[in-house]
Structures are given as C-alpha cells and as structure tokens.
Amino acid sequence: MPLTGCGYNDFQRLDEATKASWSEVLNQYQRRADLIPSIVASVKGEANFEQETLTKVVEARAKATSIQATPELVNNPEAFNKFQQTQGELSGALSRLLMVTENYPNLKANQGFQALRIQLEGTENRITVARNRYIESVQAYNVLARSFPSNLTAMVFSYSPKPNFTVQNEAQIAVPPTVDFGKK
C-alpha cells in the first residue's frame with residue numbers, strides 16, 4: 001500500500017507543528033518563571049507589602065518549575081493536566097500579587113517594580129498567544145486524526161488525538177469578578 005494520499009505525511013507535518021508550538025508555550029512559561037525572582041527581589045524592598053501573597057508566588061513558582069516540561073508532555077494526558085494545574089496556580093498567585101499592589105502606593109510608585117510588572121504583563125500576553133497557537137495546531141492534528149480516511153492511518157500508526165488546554169474550573173470563570181472601589 002503506497003503512503004501517498006493516506007495522510008501519513010500530513011501527520012508528520014502536523015505532529016511537528018504541534019511540538020514546535022508546544023515548545024513556544026514552554027518557552028513563554030520559562031520566561032515568566034525567570035522573571036519572578038526579579039519581581040520578588042523588587043517587592044521585598046518594600047516594607048509594607050503583604051508577605052503571605054509574596055510567599056504564595058514563590059511557592060507557586062517552585063511548584064510550576066518542578067514539573068519537567070518536555071515536548072512529549074503533550075502525549076501524556078495526566079502529566080499534561082498536572083502541568084496545566086501548576087501553571088494555573090502560578091497565574092493565580094501572580095494575579096493576586098498585582099491586585100495587592102494596588103493597595104500599596106509606595107510599591108506602585110517603585111520604578112523597578114513598575115518595569116517588572118510591565119514585563120510580567122507582556123509575558124502573560126505572550127503565553128496567551130503561544131497557547132492559542134498550540135490550540136490551533138492541536139486542532140489541525142486532531143481533525144486529521146479523526147477524519148476519514150486519514151483516521152485509518154492514525155489507527156495503523158497509533159496517532160491518537162492530542163490533549164488541548166482546558167480551564168480548571170469553568171463555573172468559577174463564568175462568574176464576573178466583583179469590583180468594589182469603596183474598600184481601602
């Protein structure tokens with residue numbers, strides 16, 4: 001049976017595209033992890049900062065960087081979910097850090113912290129773009145793996161659908177955040 005027209009080459013191309021886009025996601029997560037020590041050092045210089053929030057950021061970073069993130073992670077749904085969970089915890093801790101700073105004018109005015117905050121916000125945007133590209137590449141791969149007749153090639157060569165990003169708690173994100181400008 002010749003391999004032309006069976007989708008084999010398409011699987012190779014899309015598998016490599018998925019690996020490359022996943023590598024970019026990991027690259028952006030690493031950039032974020034590298035920025036956190038600078039943020040922590042900058043924030044530690046401010047005496048009035050809430051120590052518990054800072055500790056949670058450091059702990060979440062340690063947990064997120066403890067998982068060995070490799071391109072093969074996308075082929076292991078359990079490890080992939082664990083990785084997503086730890087990155088989500090780190091995102092949450094960083095969000096709390098940025099929100100708490102609104103209550104500390106000295107920290108907000110700190111030029112070093114402001115520069116790092118801008119870098120962190122830019123990094124979060126880069127992570128979003130990289131994750132979107134990964135989602136698109138997984139979609140193309142999974143459509144090929146599930147469409148006829150290429151699904152026959154997928155079965156023969158064990159090309160199973162790849163996991164995609166998921167939201168840990170859909171019900172929680174469906175509720176809009178409460179904004180109260182009356183509290184100090």
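Let me open with S158, which is exposed, with a relative accessible area of 61%. The model under discussion is a predicted one. In that model, S158 belongs to the loop between α6 and α7. Its backbone deserves a remark: phi is positive, about 60°, although S158 is not a glycine. Most residues other than glycine have a negative phi, and most peptide bonds are trans. P149 is placed in the loop between α5 and α6.

I turn now to the aromatic residues. The structure contains six aromatic pairs. One of them is formed by F11 and Y159, which are stacked, with 4.7 Å from centre to centre and 20° between the planes. This pair links distant parts of the chain: F11 is in helix α1, whereas Y159 is in the loop between α6 (150-157) and α7 (170-174), 148 residues apart. Are these two residues buried or exposed? F11 counts as buried, at 0% relative accessibility, and Y159 counts as buried as well, at 15%.

Another pair is W22 with Y134, and here the arrangement is tilted, at 5.1 Å centre to centre and 55° between the planes. Again distant parts of the chain are linked, since W22 is in helix α1 and Y134 in helix α5 (residues 111-146), 112 residues apart. W22 is buried, with a relative accessible area of 0%, and Y134 is likewise buried at 0%.

Leaving aside residues up to four places away in sequence, S21 touches A130, R133, Y134 and S137. S21 itself lies in helix α1, which spans residues 8-44, and is buried, at a relative accessible area of 10%. Further along helix α1 we find A33, which counts as buried at 3% relative accessibility. A33 and L120 are 87 residues apart in sequence, and their C-alpha atoms are 9.8 Å apart in space.

To return to the rings, Y8, F11, Y141, F157 and Y159 are linked by ring pairs into a cluster. K162 lies over the face of one member, Y141, at 4.7 Å from the ring centre.

Side chains of opposite charge can pair when their charged atoms come close. How many salt bridges does the structure hold? There are five salt bridges. Among them is the one between D15 and K162, whose closest N and O atoms are 2.8 Å apart. Because D15 lies in helix α1 and K162 in the loop between α6 and α7, this pair ties together parts that are 147 residues apart in sequence. K162 counts as buried at 7% relative accessibility, and D15 is buried with a relative accessible area of 12%.

D15 also meets K19 in a salt bridge, at 3.3 Å from N to O. Both residues lie in helix α1, four residues apart, or about one turn of the helix. K19 counts as partly exposed, at 28% relative accessibility. Through shared partners, salt bridges join D15, E16, K19 and K162 into one network.

Finally, the side chains of D10 and R13 meet in a salt bridge of 3.4 Å, N to O. D10 and R13 are separated by about one helical turn, because they are three residues apart in helix α1. D10 counts as partly exposed, at 33% relative accessibility.

Technical notes. Residues numbered from 1 in each chain as written. Predicted model: local features only at pLDDT ≥ 70, side-chain atom pairs only at ≥ 80, totals over all residues. Heavy atoms only, no water. Helix = DSSP H or I, 4+ residues; strand = E, 2+ residues; numbered from the N terminus. Buried < 20%, exposed > 50% of the residue type's maximum accessible area, 1.4 Å probe, protein only. Contact = heavy atoms within 4.5 Å. Phe/Tyr/Trp six-rings, centres within 6.5 Å; stacked < 30°, edge-to-face > 60°. Lys NZ or Arg CZ within 6 Å of the ring centre and 35° of its normal. Salt bridge = Lys/Arg side-chain N within 4 Å of Asp/Glu carboxyl O.
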